[in-house]
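Here is a short briefing for a reader who is new to this structure. Look at the model first, then work through the topics below.

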Amino acid sequence: MHWNEIVTTVLLSLGCVISFSGSYGVIKLPDFYARLHAAGKTDSLAQLLIFLGLVFVTPDLLTQIKLLLVAMVLLITAPTATHAITKAAHLDGLRPWTKSERGGRP
Amino acid sequence: MSHVYLATAVVLLVGAFMLLYRAIAGPTVYDRILATNAIGTKTIIFVTLLGYISGRTEFIDMAIVYALIAFITTIAVLKYIEKGRLD
């Protein structure tokens with residue numbers, strides 16, 4: 001393996017782990033805001049890692065620029081969409097989950 | 001190198017199906033929107049990886065278009081839910 005393939009493998013594996021942990025958190029966490037916290041951050045980081053990893057094995061300059069363009073577009077739009085969802089839920093009156101509501105100690 | 005792309009694509013697909021459970025069973029409508037948004041991001045990465053598996057990197061153009069469409073869709077659905085109309 002060349003060094004660039006090793007770098008790509010490491011970055012793609014890291015992106016896999018982060019993306020899967022985000023999906024698992026969306027299933028497992030108890031509250032909408034906690035699930036948003038799991039999904040919103042992991043998505044941005046995982047896509048950045050995977051697209052950066054793919055840049056290293058691309059020989060073509062135009063394709064590299066396109067990959068970075070997709071990563072930049074997602075890096076701007078994904079947090080914006082997450083912020084819009086949070087704002088809509090907050091304006092709708094969704095309250096955060098607290099421990100005392102479910103019978104635990106406050 | 002194709003094995004790495006394939007493994008990444010499979011993990012993304014499993015994650016998308018886990019998010020699909022939340023999109024179907026979510027208690028509030030915002031859970032569904034959140035899960036759909038995350039599935040959209042995973043689809044963009046998945047399409048790009050499919051292009052690398054089959055050796056056709058032109059698939060990235062589709063990924064760019066899908067990124068823009070997914071963002072517009074999320075904002076439009078949120079605006080519709082928030083205000084009840086789209087104008």
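The expected span of a helix is 1.5 Å times one less than its number of residues. By that rule, the 25 residues of α3(B) should span 36 Å, and the end C-alpha atoms of α3(B) are 36 Å apart, which agrees. This is a predicted model.

**Where chain A meets chain B**

- Contact between the chains involves 37 residues of chain A and 35 residues of chain B.
- On the chain A side, the elements giving two or more residues are α1 (3–28), α2 (32–55) and α3 (61–91).
- Of these, α3(A) gives the most, with 15 residues.
- By class, the chain A side that touches chain B has 25 nonpolar, eight polar and four charged residues.

**α2(A) against α2(B)**

- These two helices pack at an angle of about 10 degrees, and their axes are 10 Å apart.
- An angle under 35 degrees counts as roughly parallel, so α2(A) is roughly parallel to α2(B).
- Their crossing is left-handed.
- From α2(A), the residues that meet α2(B) are A:Phe32, A:Arg35, A:Leu36, A:Ala39, A:Asp43, A:Gln47, A:Ile50 and A:Leu54.
- From α2(B), the partners are B:Tyr30, B:Asp31, B:Leu34, B:Ala38, B:Thr41, B:Ile45, B:Thr48 and B:Tyr52.
- The residues of this contact divide into 10 nonpolar, three polar and three charged.

**α2 of chain B**

- Helix α2(B) covers residues 29–53.
- At 1.5 Å a residue, its 25 residues should span 36 Å; the end C-alpha atoms of α2(B) are 36 Å apart, which agrees.
- In α2(B), 19 of the 25 residues are buried, so this helix is largely enclosed by the rest of the structure.
- Just after α2(B) comes B:Gly55, with a positive phi of about 75 degrees.

**α1(B) against α2(B)**

- Helix α1(B) covers residues 2–25.
- The axes of α1(B) and α2(B) come within 9 Å and cross at roughly 165 degrees.
- Angles over 145 degrees count as roughly antiparallel, so α1(B) is roughly antiparallel to α2(B).
- The crossing of α1(B) and α2(B) is left-handed.
- This contact has 18 nonpolar, four polar and four charged residues.

**α2(B) against α3(B)**

- Helix α3(B) covers residues 59–83.
- α2(B) and α3(B) pack at an angle of about 175 degrees, with their axes 8 Å apart.
- That angle makes α2(B) roughly antiparallel to α3(B).
- Residues of α2(B) that meet α3(B) include B:Val29, B:Ile33, B:Asn37, B:Gly40 and B:Thr43.
- Among the residues of α3(B) that meet α2(B) are B:Phe59, B:Ile60, B:Met62, B:Ala63 and B:Tyr66.
- The contact of α2(B) with α3(B) has 15 nonpolar residues, six polar residues and no charged residues.

**Burial and the end of α3(B)**

- Buried residues in α3(B) are B:Ile60, B:Ala63, B:Ala67, B:Ala70, B:Phe71, B:Thr74 and B:Leu78.
- What covers the buried residues of α3(B) includes α3 of chain A and α2 of chain B.
- Just after α3(B), B:Gly84 takes a positive phi of about 85 degrees.

**A:Leu12**

- A:Leu12 lies in helix α1 of chain A.
- The cut-off for a buried residue is 20 or more other C-beta atoms within 10 Å. A:Leu12 has 26 C-beta neighbours inside 10 Å, so A:Leu12 counts as buried.
- Leaving aside residues up to four places away in sequence, A:Leu12 touches A:Ile50, A:Gly53, B:Val4 and B:Thr8.
- A:Leu12 and A:Leu48 are 36 residues apart along the chain, and their C-alpha atoms are separated by 10.0 Å.

**A:Cys16**

- A:Cys16 is also in helix α1 of chain A.
- With 22 C-beta neighbours inside 10 Å, A:Cys16 counts as buried.
- Leaving aside residues up to four places away in sequence, A:Cys16 touches B:Thr8 and B:Val11.
- A:Cys16 and A:Thr82 are 66 residues apart along the chain, and their C-alpha atoms are separated by 21 Å.

Notes: Residues numbered from 1 in each chain as written. Chains lettered and ligands numbered in written order. Predicted model: local features only at pLDDT ≥ 70, side-chain atom pairs only at ≥ 80, totals over all residues. Contact = placed C-beta atoms within 7 Å. Helix = DSSP H or I, 4+ residues; strand = E, 2+ residues; numbered from the N terminus. Nonpolar A, V, L, I, M, F, W, Y, C, P; charged D, E, K, R; others polar. Buried ≥ 20, exposed ≤ 12 C-beta atoms within 10 Å, placed from the backbone. Axes fitted to C-alpha atoms, helices over the stretch in contact; angles between N-to-C directions. Parallel < 35°, antiparallel > 145°, perpendicular 65-115°, else oblique. Left-handed = near helix turned anticlockwise from the far one by under 90°.
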